[in-house]
Amino acid sequence: MYRSSRSVTRTGRLFHSSPLCLNTVQPQSTPPKPVESPERDDGVRPDGKPVLPERLREATSLLRRYITKATGDTAISVRKRADGFTVVTQALFSELGGQLNRATGYEEIELLKKKVEDQGIFLLA
């Protein structure tokens with residue numbers, strides 16, 4: 001029976017067997033890597049991810065784009081609402097501070113301090 005040339009790795013050496021050359025020792029080069037098809041019969045790619053049918057891949061891609069857009073739109077909406085809330089809150093706290101000063105009498109104390117400082121400036125001059 002005629003055999004074509006093939007390579008067999010044994011104990012670190014590469015042997016060629018052919019009808020013309022039997023057991024000729026050659027220095028071993030890097031052994032060729034096995035070639036795997038991108039899609040195996042078991043429905044799993046070499047990287048371990050499942051092989052998806054074309055329609056499912058298209059639907060997945062469409063869903064990813066939709067989720068990305070919806071996430072971006074939601075982030076913008078939340079940011080705008082937060083900015084509006086910040087503006088209103090700052091105005092309310094500023095007003096609240098003024099009312100608290102009037103209620104506790106602190107505003108009058110500040111006016112008296114200002115008068116004393118003004119009189120001190122006139123006495124030193």
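Predicted model: local features only at pLDDT ≥ 70, side-chain atom pairs only at ≥ 80, totals over all residues.
Student: How many helices and strands does the protein have?

Tutor: There are 2 helices and 3 strands. Along the sequence they come in the order β-β-β-α-α.

Student: How confident is the predictor, on average?

Tutor: The mean pLDDT of the protein is 75, and 62% of the residues score at least 70.

Student: Which elements have the lowest and the highest mean pLDDT?

Tutor: Strand E1, residues 6–10, has the lowest, with a mean of 45. Helix H1 has the highest, with a mean of 93. Over residues 1–24 the pLDDT is below 50, and beyond near neighbours in sequence this stretch has 34 contacts in the model.

Student: OK, H1 then. How many residues does H1 have, and what span does it reach?

Tutor: Helix H1 runs over residues 54–104, which makes 51 residues. From its first C-alpha to its last it reaches 73 Å, close to the 75 Å expected at 1.5 Å a residue.

Student: What comes just after H1?

Tutor: Gly-105 does, and it takes a positive phi of about 85 degrees. Helix H2 covers residues 106–124.

Student: New topic. How many salt bridges does the structure hold?

Tutor: The structure holds 5 salt bridges. One of them joins Glu-54 and Arg-57, with the closest N and O atoms 3.0 Å apart.

Student: Where do Glu-54 and Arg-57 lie?

Tutor: Both lie in helix H1, 3 residues apart, which is about one turn of the helix.

Student: Which residue does the side chain of Asp-118 meet in a salt bridge?

Tutor: The side chain of Asp-118 meets that of Lys-114, at 4.0 Å from N to O. These two lie in helix H2, 4 residues apart, again about one turn of the helix.

Student: How accessible are Asp-118 and Lys-114?

Tutor: Asp-118 is partly exposed, with a relative accessible area of 32%. Lys-114 counts as partly exposed at 47%.

Student: Enough charges. Which residues make the nonpolar surface patch?

Tutor: Leu-63, Tyr-66 and Ile-67 make a patch of about 340 Å². Of these, Tyr-66 is found in helix H1.

Student: Why does Tyr-66 count as exposed?

Tutor: Because its relative accessibility is 58%, and exposed means over 50%.

Student: What about the whole protein, how much of it is buried?

Tutor: Of its 125 residues, 3% count as buried. The accessible surface comes to about 11,700 Å², of which 61% belongs to carbon and sulfur atoms.

Student: Last one. Among contacts between residues at least 6 apart in sequence, how many join residues at least 24 apart?

Tutor: The share is 0%.

Note on methods: Residues numbered from 1 in each chain as written. Heavy atoms only, no water. Expected span 1.5 Å × (residues − 1). Buried < 20%, exposed > 50% of the residue type's maximum accessible area, 1.4 Å probe, protein only. Contact = heavy atoms within 4.5 Å. Areas by Shrake-Rupley, 256 points an atom, 1.4 Å probe, with all protein chains shown as cover. Patch = residues over 30% accessible without salt bridge, like charges linked within 9 Å, V, L, I, M, F, W, Y side chains within 5 Å. pLDDT = per-residue confidence, 0-100.
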